[in-house]
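This report goes through a model of two protein chains, one topic at a time. The sequence and structure come first.

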Amino acid sequence: MQPFALIRTKRLERARAIVRDKPEARALRAGGIDLLDRMKEGLDEPELLVELRDAMAPQVELGAGQPLLPAENPERFPSAPRFAQIGALTPLAQLAAAELPGAEALTEAASQAATPGIRNTATVGGNLLQRPRCWYFRQRELVCLKKGGDTCLALMGDNRYHAILGAGPSFIVHPSSLATPLLALDAVVSVFAGTPSDPPEGGATTEPNSLRLLSELFVSPADDPTREHALEPGDVLTSVWVPVLDGMRSAYQAVREKQSHDWPLAEAAVRMRIAADGSMRDLRIALGHVAPIPWNASAAAALLEGKAPNADLFAQAADAALADAAPLDGNAYKVPMTKGLLREVLHRASGLALPE
Amino acid sequence: MSDHSKQPGGVTRRGLFRTLGAATLVAGCVKQDPGSENPERSEAPELDDALGLTPAPLEFVLDGQPVQAEVEARTTLLELLRLDLDRTGTKVVCDRGACGACMVLVDGVPRNSCMMLAHDVGGSEVTTVAGLAEGEQLSALQLAFIEHDALQCGFCTSGMLISSTALLREGGPLTRGQVEDAIAGNLCRCGTYPHVVDAVLAVANGEGGRRQTELLQVKKGGA
C-alpha cells in the first residue's frame with residue numbers, strides 16, 4: 001500500500017471536519033475490510049485515514065431507545081413499540097450472536113456474511129457502505145462507468161454475477177448482505193452529517209444526526225452510477241434502527257455457489273406478522289444481489305398483504321417480484337433461482353410447510 | 001477583524017498548497033477570519049496527532065512476549081509479523097482476507113492479520129501459531145493434527161489451528177457442523193478438511209469424533 005497516516009479521534013465532529021477538508025485524499029475507517037482491499041488493489045489511495053473506532057461503541061440493544069424523529073414529516077418513518085439499535089461499529093460477529101426475536105433475518109444474514117475471521121473485524125456500517133464487488137470495478141486497470149468511464153463493462157463482458165432488476169447504466173449488484181434483511185425489516189439509519197449552520201457545498205441543510213429510511217441511503221445508478229450511497233464525504237453512519245413489531249417474524253436466505261465464504265448469487269428476506277385471523281400483515285420483501293440497490297419487492301408484498309399463507313399465492317408473489325427482471329446474456333439463471341429462493345423464504349417466514 | 005494579509009501558518013504544514021489553486025487559497029484566507037459566519041470551515045482541522053507516515057512506536061504482546069517496534073501506518077499486522085519480526089509461522093497466501101492462512105488471535109479473537117493494520121493491535125495480546133505450544137510441549141490440538149493427519153502441504157495449518165483453538169477455548173463438546181463453521185474461512189488446497197474436523201472433535205469430545213469418521217468411511221466403502 002502507498003504511505004498514509006492515521007488519526008484517531010473520539011469526536012465525530014473532528015473526524016468529519018478532517019475528511020471534508022480534503023475529501024479526495026482522506027477516508028473514514030471503521031473495520032477497514034473493504035477499505036484495505038481497495039487500497040491494496042490501488043483503487044483508492046488516501047493519504048490519511050481517520051479512525052472511527054474510538055468515536056463510537058459497538059453495541060446491539062433491544063428496546064433501550066427510539067430513533068429521534070425529525071420535526072418535519074415524522075410520519076414517514078416507521079413506528080413500533082420497540083426498536084433494536086445497532087451501532088454502526090458493531091462487528092458482524094457480535095450482531096450474529098445477538099438475540100433479536102423477530103429479526104432473525106438480520107442475525108442470520110450477519111452469521112453467513114464473509115468468514116468467521118472477517119466477521120470479527122468487519123462492521124455493520126462498513127458492510128452497508130462497502131463498494132461493489134464487480135470484477136470489472138475491482139480491476140485497477142479497467143475504467144468502467146463507476147470509475148469515470150463511459151460504459152458498464154459487464155454489458156459486453158462476463159456478467160454472470162450482475163444485476164437482473166433495476167439496473168442500467170451500471171449493472172453491479174449491491175454487495176451488502178445486511179442491507180437485504182434490513183430493508184425487509186424497514187430499518188432506519190442515523191447519520192452524523194454536521195450542523196445546520198454547515199450545509200454541504202450547494203446542498204441542503206442537514207440536522208447533526210439526521211434520520212433516514214434505509215432505502216434513502218442507497219443511490220440507483222440511474223441517478224448517479226459513480227456512487228452507491230448518498231452520504232457526503234465525512235458523513236458518518238452511526239446507528240441502524242430496526243422496528244420490532246409485536247408478533248413480528250422474519251426469515252433470510254441466500255444462494256451461493258459454495259457452502260462457505262462466498263458472495264451470494266441471490267438473497268431474499270421477508271418480514272411479516274401473522275394476525276389473529278391467520279392473515280399476513282405488515283409484509284415486506286427484499287431481494288439482494290440481484291439489483292444495484294437492495295431491492296424492495298413491494299408489488300409482491302402487496303399481493304400477499306392481508307392474505308393467509310398459501311403455497312400458490314407465494315409462487316404468484318415470487319413471479320410478481322421478478323416480473324420486471326431484464327437479465328443480461330449471462331445471468332438469466334438468476335430469475336428462476338430467485339423466484340424459488342423467495343418462495344422458500346416466504347414459507348419459512350410464515351411457518352407454512354414447504355411443498356414436496 | 002478582517003486581515004486578509006494574515007498568513008495562515010498551519011496551512012502549508014498541512015499540505016494544502018499542493019492541491020488548492022491560488023483563487024481557492026485567497027478564499028481560504030478570507031475564511032480564516034475568526035469572525036466568519038461558518039466556524040467549522042474557518043480553519044483547517046488540526047492534524048498534529050497523525051501518526052504513521054514514518055515509522056511510529058507500537059507496543060503489544062506477541063506470543064506472551066512484549067514487543068516494541070517502529071511501524072508505518074501502512075504496514076499490515078501480517079507484514080509486521082513476517083517481514084519485520086521474522087515470525088513466519090503465520091502464512092501469507094491471498095492477502096485479501098479470503099483464505100485464512102494469516103489468522104492470528106487478537107485478545108483471543110481469531111482475525112485475518114492481512115486485513116488489519118499493525119497499529120490496530122497496540123496494547124493487545126497477539127497469539128500466532130508459534131504461541132500455541134507451551135515451550136516444547138505441543139498443544140493437545142497440535143498433537144491431534146499430527147495424530148489425525150490433518151495437514152499435507154501445511155500452508156493452511158497455522159490458520160486452521162488458530163480458528164480451531166478459538167473454538168475449543170469456548171469449551172464444551174462440539175459437533176462436526178460447529179467445527180466446519182469455525183474453519184469456514186480457512187481454505188485448504190489439499191482438501192484436508194475432514195481430518196482437521198476429526199482432530200478438533202477428538203480434542204473437544206475425546207475419540208468419539210474419530211469413530212464418527214470411521215463409520216463414515218465404512219459407509220462410503222460399502223456404497
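## Fold of chain B

Read along the sequence, chain B runs α-α-β-β-α-β-β-β-α-α-α-α-α, which comes to eight helices and five strands. Helices (H or I, at least four residues) and strands (E, at least two) are DSSP runs, numbered from the N terminus. The model is predicted: local features need pLDDT of at least 70, side-chain atom pairs count only at pLDDT 80 or more, and totals for chains, interfaces and linings use all residues. Residues are numbered from 1 along each chain as its sequence is written, while chains are lettered from A and ligands numbered from 1 in the order in which they are written.

Chain B has 223 residues, of which 38% count as buried. A residue is buried if 20 or more other C-beta atoms lie within 10 Å of its own, exposed if 12 or fewer, and partly exposed in between, with C-beta atoms placed from the backbone. Among contacts in chain B with a separation of 6 or more, 56% join residues 24 or more positions apart; two residues are in contact if their C-beta atoms, placed from the backbone, lie within 7 Å.

## Helices 4 and 7 of chain B

Helix 4 (residues 140–147) and helix 7 (residues 193–205) of chain B pack with their axes 8 Å apart, at an angle of about 135 degrees. Helix 4 of chain B is therefore oblique to helix 7 of chain B. Axes are lines fitted to C-alpha atoms, for helices over the stretch in contact, and angles run from 0 to 180 degrees between N-to-C directions. Angles under 35 degrees count as roughly parallel, over 145 as roughly antiparallel, 65 to 115 as roughly perpendicular and the rest as oblique.

From helix 4 of chain B, the contact takes A140(B), L141(B), A144(B) and F145(B); from helix 7 of chain B, it takes A199(B), V200(B), A202(B) and V203(B). By class, this contact of helix 4 with helix 7 of chain B has eight nonpolar, no polar and no charged residues. Ala, Val, Leu, Ile, Met, Phe, Trp, Tyr, Cys and Pro count as nonpolar, Asp, Glu, Lys and Arg as charged, and the others, Gly among them, as polar.

## M116(B)

M116(B) lies in the loop between strand 4 (109–112) and strand 5 (125–127) of chain B. M116(B) is buried, because 24 other C-beta atoms lie within 10 Å. Leaving out residues up to four places away in sequence, M116(B) touches T121(A), T76(B), L77(B), R111(B) and V121(B). M116(B) and T76(B) are 40 residues apart in sequence, with 5.6 Å from C-alpha to C-alpha.

## Interface of chains A and B

In the interface, 27 residues of chain A are in contact with 31 residues of chain B. On the chain A side, strand 1 (5–8), helix 1 (12–21), helix 2 (33–41) and helix 5 (116–119) each supply at least two residues. That side of chain A divides into 13 nonpolar, eight polar and six charged residues.

Eight of the ten residues of helix 1 of chain A are buried, so the helix is largely enclosed by the rest of the structure. The cover over these buried residues includes strand 1, strand 2 (26–29), strand 3 (48–51), strand 6 (188–192) and strand 8 (236–244) of chain A.

An automatic or database domain assignment gives chain A domain 1 (1–55) and domain 2 (60–129 + 173–350). Their contact takes 13 residues from domain 1 of chain A and 15 residues from domain 2 of chain A. Helix 1 of chain A gives the most to the domain 1 side, with five residues.
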